[in-house]
Amino acid sequence: MKIRAFALAAALAGLGITAVTAADEPQAVRQQLMKKVGQAAGALSGIAKGEKPYDAEIVKASLTTIRETVKVFPSHFPAGSETGSETEASPKIWQNMDDFKAKAAKLGGDAEKILAELPADQAGVGAALGVLGKDCASCHESYRLKKE
């Protein structure tokens, strides 16, 4: 019983350390947030391509993830977090923060509009991805460094 309690305490302490580390490392947080958006877009893409059956709950959850994630995403770009070997963030973000935030807001707003009239089939999901994909591309073209 003592071993189980010790293991639980160690695991909880590890979670606390991870949360503090992530809070102190905006690059790691940004990457986690973009992974969430990528997974949501991937789920929508699977439906749009017919690789997965249409599922309204998956569509709704994916669009909600995109909408909610991009609301907080721009806040994880504090001054001093623009350098590092693990970042794909262009220094242009910090030079044009208002435009960067506007692009994120456009993606979130478009996701909100699409959620309000939830796509009802594969074709609707494809059309939604067309809109969201343009928003993503607009930001990535301006503010994401190309991988070498």
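Me: Which residues of α6 are buried?
Reply: In this predicted model, the buried residues of α6 are V125, A128, L132, D135, C139 and Y143.

Me: Where do they lie around the axis of α6?
Reply: These residues lie on the same side of α6, because they cover an arc of only 100° around its axis.

Me: Why would residues spaced like that point the same way?
Reply: An α-helix has 3.6 residues a turn, so residues three or four places apart point the same way.

Me: And which exposed residues are on the face turned away from the buried side of α6?
Reply: That face of α6 carries A123, A127, K134 and E141, which are exposed.

Me: What do the buried residues of α6 pack against?
Reply: They pack against four helices: α2, α3 (56–72), α4 (92–95) and α5 (97–116).

Me: Let us take α2. How do the axes of α2 and α6 cross?
Reply: The axis of α2 (residues 26–48) comes within 9 Å of the axis of α6 (residues 122–143), and the crossing angle is roughly 145°. In handedness, α2 passes α6 in a left-handed crossing.

Me: Which residues make the contact?
Reply: On the α2 side they are M34, A41, L44, S45, I47 and A48. On the α6 side they are Q122, V125, G126, L129, L132 and H140.

Me: How many of them are nonpolar, polar or charged?
Reply: The contact of α2 with α6 has eight nonpolar residues, four polar ones and no charged ones.

Me: What is the length of α6 from its first C-alpha to its last?
Reply: It reaches 31 Å with 22 residues, close to the 32 Å expected at 1.5 Å a residue.

Me: Now α3. What span should its 17 residues have?
Reply: At 1.5 Å a residue they should span 24 Å, and the end C-alpha atoms of α3 are 25 Å apart, which agrees.

Me: Which residues of α3 are buried, and what covers them?
Reply: V59, S62, L63, I66, R67, T69 and V70 are the buried residues of α3. Their cover includes α2, α5 and α6.

Me: Finally, the whole chain. How many helices and strands does it have?
Reply: The chain has six helices and zero strands. Of its 148 residues, 30% are buried.

Me: Among contacts between residues at least 6 apart in sequence, what percentage join residues at least 24 apart?
Reply: In this chain, 76% of those contacts do.

How values were computed: Residues are numbered from 1 along each chain as its sequence is written. This is a predicted model: local features need pLDDT of at least 70, side-chain atom pairs count only at pLDDT 80 or more; totals for chains, interfaces and linings use all residues. Side-chain values use heavy atoms; hydrogens and water are left out. Axes are lines fitted to C-alpha atoms, for helices over the stretch in contact, and angles run from 0 to 180 degrees between N-to-C directions. Helices (H or I, at least four residues) and strands (E, at least two) are DSSP runs, numbered from the N terminus. A crossing is left-handed if the near helix is turned anticlockwise from the far one by less than a right angle, and right-handed if clockwise. Contact means heavy atoms within 4.5 Å. Ala, Val, Leu, Ile, Met, Phe, Trp, Tyr, Cys and Pro count as nonpolar, Asp, Glu, Lys and Arg as charged, and the others, Gly among them, as polar. The expected span of a helix is 1.5 Å times one less than its number of residues. Buried means under 20% relative accessible area, exposed over 50%, partly exposed in between (1.4 Å probe, protein chains only). The arc is that of the directions from the helix axis to the C-beta atoms.
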